Each structure stands twice: as structure tokens, then as C-alpha cells.
Amino acid sequence: MRLTMKTKERIFHSVLFEAIALVFVMAAATIFTDAGAKSVTGLAIGLSLIAMCWNYVYNLGFDRIFGHNRIERSFKMRLNHGLGFELGMMFATLPFMMWVLQLDFWTVLVMDLAVIFFFLIYSIAYNWCYDLIRERIMANRTEMSSEQ
């Protein structure tokens, strides 16, 4: 069974993650800020693009360092993976959020920390589910090809 994610799959993984996340970010930004729909949409899309680029680079490096066997990763490793990803995102997104929302550093920092907390939980759950579903799909493909 192939454990390594190829470029197409990494892109699919990232786009699916961000598509689901966009719904959450846009809803939360609309509820918790006074920003208009145009600003919220621009913010969500901008954050999503930043995250997709960072996701690809970060996960490629993480897999090279910690191995490609994603299914056997412990909860602790998944937690550390998520924390590392979110800390990297914070450095890229803080200035962008301040600019779009026209808010001060401390207000955006608190907002960003709330977003990081949400995305830490979301990313762990998403990646764990993705890995389990991927393993089943790969096992079914192997089983089907061996039956032929």
C-alpha cells in the first residue's frame, strides 16, 4: 500500500480542508465582527490562500521529518503537528487580519488565538478522519486489484 501522498493528493487534501474551513471562518467573522460581507469574504479567501500554501509546505516538511506513515501517528504527534502549523499561520495571518479588519494588534491577537484554538481542534479531527478514510480507500483498491 502506498503511504506517501503525491502532489495531486496533497493539493486535494489542502483544498478540501480549506473549503470546509471557509464556511466556518466566514460565519464566525460575520457573527463576531462588524466587518461587512465584502471584507469578511476577502479575509476568508485571503486566509484560505495563505493556509493552503503553508499547509502544502508544512505537511511536506513534516512528513519528510516524521515519516509518511500517517495512520500510525499518535495523538501527541497530531497535537504537535497542529500546534506547529497554527503557530506558523499566526505569524502570516496577524498582519493580514489587522489590515483587512482595521483593528489593533491586541484585538486581532485575541481573535487569532481563538481562531487558532478552533483550527487546532478542526485540523486534528480533519486529518485524522482524512487518514482513516484514505487508509480504507487504499485497502479497498489493493483488495480489488488482488481479486482481479
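Ile 20 counts as partly exposed because its relative accessibility is 34%, where partly exposed is the range between buried, under 20% relative accessible area, and exposed, over 50%, taken with a 1.4 Å probe and protein chains only. This residue lies in helix H1, helices being DSSP runs (H or I, at least four residues; strands are E, at least two) numbered from the N terminus. The model is a predicted one, in which local features need pLDDT of at least 70, side-chain atom pairs count only at pLDDT 80 or more, and totals for chains, interfaces and linings use all residues. Residues are numbered from 1 along each chain as its sequence is written, and side-chain values use heavy atoms, with hydrogens and water left out.

Ile 20 is also part of a nonpolar surface patch of about 420 Å², which it makes together with Phe 12, Leu 16, Phe 24 and Phe 118. Helix H1 contributes the largest share of this patch, four residues. A patch is made of residues with over 30% relative accessible area and no salt bridge, with nonpolar side chains (Val, Leu, Ile, Met, Phe, Trp, Tyr) joined within 5 Å and like charges within 9 Å; the accessible areas come from the Shrake-Rupley method with a 1.4 Å probe, and for residues only the protein chains shown count as cover.

From the surface we turn to the charged pairs. The structure holds three salt bridges, a salt bridge being a side-chain nitrogen of Lys or Arg within 4 Å of a carboxyl oxygen of Asp or Glu. In one of them Glu 9 pairs with Arg 134, with 2.5 Å between the closest N and O atoms; this pair links distant parts of the chain, Glu 9 in helix H1 and Arg 134 in helix H4, 125 residues apart. Both Glu 9 and Arg 134 are buried. Another salt bridge joins the side chains of Asp 63 and Arg 10 at 2.6 Å, N to O, and this pair too links distant parts of the chain, with Asp 63 in helix H2 and Arg 10 in helix H1, 53 residues apart. Asp 63 counts as buried because its relative accessibility is 1%, and Arg 10 is buried with a relative accessible area of 5%. There is also a salt bridge between Arg 78 and Asp 131, whose closest N and O atoms are 3.1 Å apart; here the distant parts of the chain that are linked are helix H3, which holds Arg 78, and helix H4, which holds Asp 131, 53 residues apart. At 6% relative accessibility Arg 78 counts as buried, and at 4% so does Asp 131.

Rolling a probe the size of a water molecule over the atoms shows where empty space is left. On a 1 Å grid over the protein atoms alone, a cavity is a set of points where a 1.4 Å probe fits but cannot get out, whereas a pocket is an open set with protein on both sides within 12 Å along at least five of seven lines, and lining residues have an atom within 4 Å of a point. The largest pocket holds about 310 Å³ of space, and among its 14 lining residues the closest to its centre are Ala 28, Ala 29, Phe 32, Met 111 and Val 115. Helices H1 (7-32), H2 (37-66) and H4 (105-147) each supply at least two residues of this lining.

The second largest pocket has a volume of about 200 Å³. Its lining comprises 10 residues, and nearest its centre lie Glu 9, Tyr 130, Arg 134, Ile 137 and Arg 141; Glu 9 and Arg 134 are the partners in a salt bridge described above. Helix H4 gives the most to the lining of this pocket, with six residues.

The largest cavity has a volume of about 200 Å³ and is lined by 18 residues, with Leu 47, Ala 51, Met 89, Val 115 and Phe 119 nearest its centre. The second largest cavity holds about 70 Å³ of space, and its lining residues include Arg 78 and Asp 131, which form a salt bridge with each other.

Conventions
Points joined across faces, edges and corners; volume = space filled by probe spheres on them.
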